[in-house]
Amino acid sequence: MNLEIQHELVSFDGSSVRYDARYLRANEFAPILREWIHRLLAYDGDVRIYLPFGIDDESVAAFEVSGPPDIMSLRVVSLGNLGFVPGVDSWRESIFHEMPVIDRRPQVFLVCTKDALLSAVDRCLKSAEATEGQGETST
């Protein structure tokens, strides 16, 4: 499985979802991917986890992970984040705190194993770290 992060797109093997690039650029994803790895390593399937990938002034876009580690489902959700003020608040602080789900897309975005997802995120992180502060991130 491959994960690519480009301007306004997060893609897994060609299936993509858009994010708002006004406040978060593709070359700023390394800290987000590190947090994804941290959350995925702790994931055992008992409680849903959220992998954020975008922010605006009202919500955080995230993948909601559910199911057992050998058949995880990722669904795109919006998490409530009222009060984020671009240029004043840090997206790094705002994107990782607990937030309620305010919208959940009905269709599953991706089904995969925990190991496959961790591997894809790790490869993408290495690419992101190599290009941090430059252009797009992929692998």
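**Note on a predicted fold: sheet, helices and salt bridges**

1. Strand E7 (residues 101-104) is joined to E6 by three bridges, and the two run antiparallel. Here Ser78 faces Asp103 of E7. Helices (H or I, at least four residues) and strands (E, at least two) are DSSP runs, numbered from the N terminus. Two strands count as paired if DSSP finds at least two bridges between them.

2. On provenance: this is a predicted model, in which local features need pLDDT of at least 70 and side-chain atom pairs count only at pLDDT 80 or more, while totals for chains, interfaces and linings use all residues. Residues are numbered from 1 along each chain as its sequence is written, and side-chain values use heavy atoms, with hydrogens and water left out.

3. Overall layout. The protein chain carries three helices and nine strands. Read from the N terminus, the order is β-β-β-α-β-β-β-α-β-β-α-β. Of the 139 residues in the protein chain, 45% are buried. Buried means under 20% relative accessible area, exposed over 50%, and partly exposed in between (1.4 Å probe, protein chains only).

4. More on E6. Strand E5 (residues 59-66) pairs with strand E6 (residues 72-80) in the antiparallel sense, over eight bridges. Ala61 sits opposite Ser78 of E6. Ser78 also stands opposite Asp103 in E7. The two strands E5 and E6 make a hairpin with five residues between them. Gly67, in the turn, has a positive phi of about 95 degrees.

5. E6 has a further partner. It pairs with strand E8 (residues 110-112), again in the antiparallel sense, over three bridges. Met72 is opposite Cys112 of E8.

6. Helix H1. It covers residues 30-42. Its 13 residues, at 1.5 Å a residue, should span 18 Å, and the end C-alpha atoms are 19 Å apart, which agrees. The expected span is 1.5 Å times one less than the number of residues. The buried residues of H1 are Ala30, Pro31, Ile32, Leu33, Trp36, Ile37, Arg39 and Leu40.

7. Helix H3. Its 18 residues should span 26 Å, and its end C-alpha atoms are 26 Å apart, so the two values agree. Buried residues in H3 include Leu117, Leu118, Val121, Cys124, Leu125 and Ala128.

8. How do H1 and H3 pack? The angle is about 155 degrees, with the axes 9 Å apart. Axes are lines fitted to C-alpha atoms, for helices over the stretch in contact, and angles run from 0 to 180 degrees between N-to-C directions. H1 and H3 are therefore roughly antiparallel to each other. By the cut-offs, angles under 35 degrees are roughly parallel, over 145 roughly antiparallel, 65 to 115 roughly perpendicular and the rest oblique. The crossing of H1 past H3 is left-handed. That term applies if the near helix is turned anticlockwise from the far one by less than a right angle; clockwise is right-handed.

9. Salt bridges. The structure holds eight. The criterion is a side-chain nitrogen of Lys or Arg within 4 Å of a carboxyl oxygen of Asp or Glu. Arg34 forms one with Glu129, and their closest N and O atoms are 3.3 Å apart. This pair links distant parts of the chain, with Arg34 in helix H1 and Glu129 in helix H3 (residues 114-131), 95 residues apart. Arg34 is partly exposed at 37% relative accessibility. Glu129 is partly exposed at 38%.

10. An α-helix has 3.6 residues a turn, so residues three or four places apart point the same way. Arg39 counts as buried, at 18% relative accessibility. Separately, a network of salt bridges links Arg48, Glu64 and Arg104.

11. Glu8 and Arg18 meet in a salt bridge between their side chains (3.7 Å, N to O). Glu8 lies in the loop between strand E1 (3-6) and strand E2 (9-12) and Arg18 in strand E3 (residues 15-18), so the pair ties together parts 10 residues apart in sequence. Arg18 is exposed, at 56% relative accessible area, whereas Glu8 is partly exposed, at 29%.

12. Backbone points to check. Glu8 has a positive phi near 70 degrees, in a residue other than glycine. Asp13 also has a positive phi, near 45 degrees, and is likewise not glycine. Asp13 lies in the loop between E2 and E3. Asp13 is exposed, with a relative accessible area of 53%.
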